[in-house]
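Please view the sequence and structure before reading on.

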Amino acid sequence: DVEDADETDEAVVTVRRRVSWPVLVSTTLAALLVCGLFAASGYLLWQHHQTADRQARVAEFSAAARQGVINLMSLDFNNGDADIKRLIDSTTGQFRDDFEKSKNDFLTVMKESKVVTKADVKATAVQSMTSDSAVVLVAASSEVSNSASDKQPPRGWRLSVTVEREDGQPKMSKVEFVP
């Protein structure tokens, strides 16, 4: 039995001696390369997720600005109450407060002048964005008719629309006309 144990010990020593430094270095480098590839794959997946999330927010804020501008600039005196309610529902903050305070005067002028406006948004572009707000540039046109004239030629508008998230919904909080 002692001879068998000595032979086994010699075999282990022989196997250990046969593993040379080049093989050990190659194995280590291969393991590091595999770990590096896993890390790079993880980073690329994270980047993809970030890009997809950003694109979704751009689409969401652009759609809210587009609809908000249509609500603001498409009004019909025949449906004034519903149009104003739709506009107020798509706004938030000080913009909403100011509009709610003046809605009755606005409705009176609309009905007396028999104003009908129809807006068309040509393009939107997000200028800046956080997770809960964005400034969206909007190019739109509108056609206006009222009691003074039947139909006027379309007018072009450039607007800077601030959109903020309120209760999970993006809504207009500020509108500025851009020269």
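Which residues does Arg57 touch, not counting residues up to four places away in sequence? They are Met129, Thr130, Ser131 and Arg165. The model is predicted, and the mean pLDDT of the protein is 88.

**Confidence**
- A pLDDT of 70 or more is reached by 89% of the residues.
- Where pLDDT is low, predicted coordinates should not be read in detail.

**Sheet**
- Four strands form an open sheet in the order β1-β2-β3-β4, and their pairing is antiparallel.
- The edges are held by β1 (116-129) and β4 (169-177); each has a single partner strand, so one side of each lacks a neighbour in the sheet.
- On average, neighbouring strands of this sheet are turned by 30° against each other, direction ignored.
- Strands β1 and β2 (residues 133-145) run antiparallel and are joined by 12 bridges.
- Within this pair, Ala123 stands opposite Ala139 in β2.

**Helix on the sheet**
- Helix α2 (residues 21-73) packs on the sheet and touches β1, β2, β3 (155-166) and β4.
- The direction of helix α2 makes about 150° with that of β1.

**Arg57**
- Arg57 is found in helix α2.
- The relative accessible area of Arg57 is 18%, which is under 20%, so Arg57 counts as buried.
- Its side chain reaches the backbone oxygen of Thr130 at 3.0 Å.

Key. Residues are numbered from 1 along each chain as its sequence is written. This is a predicted model: local features need pLDDT of at least 70, side-chain atom pairs count only at pLDDT 80 or more; totals for chains, interfaces and linings use all residues. Side-chain values use heavy atoms; hydrogens and water are left out. Two strands pair if DSSP finds at least two bridges between them. Helices (H or I, at least four residues) and strands (E, at least two) are DSSP runs, numbered from the N terminus. Axes are lines fitted to C-alpha atoms, for helices over the stretch in contact, and angles run from 0 to 180 degrees between N-to-C directions. Contact means heavy atoms within 4.5 Å. pLDDT is the predictor's confidence in each residue, from 0 to 100. Buried means under 20% relative accessible area, exposed over 50%, partly exposed in between (1.4 Å probe, protein chains only). A polar contact is a pair of N or O atoms within 3.5 Å; within protein, one must be able to donate a hydrogen and the other to accept it, and residues adjacent in sequence count only if both atoms are side-chain atoms.
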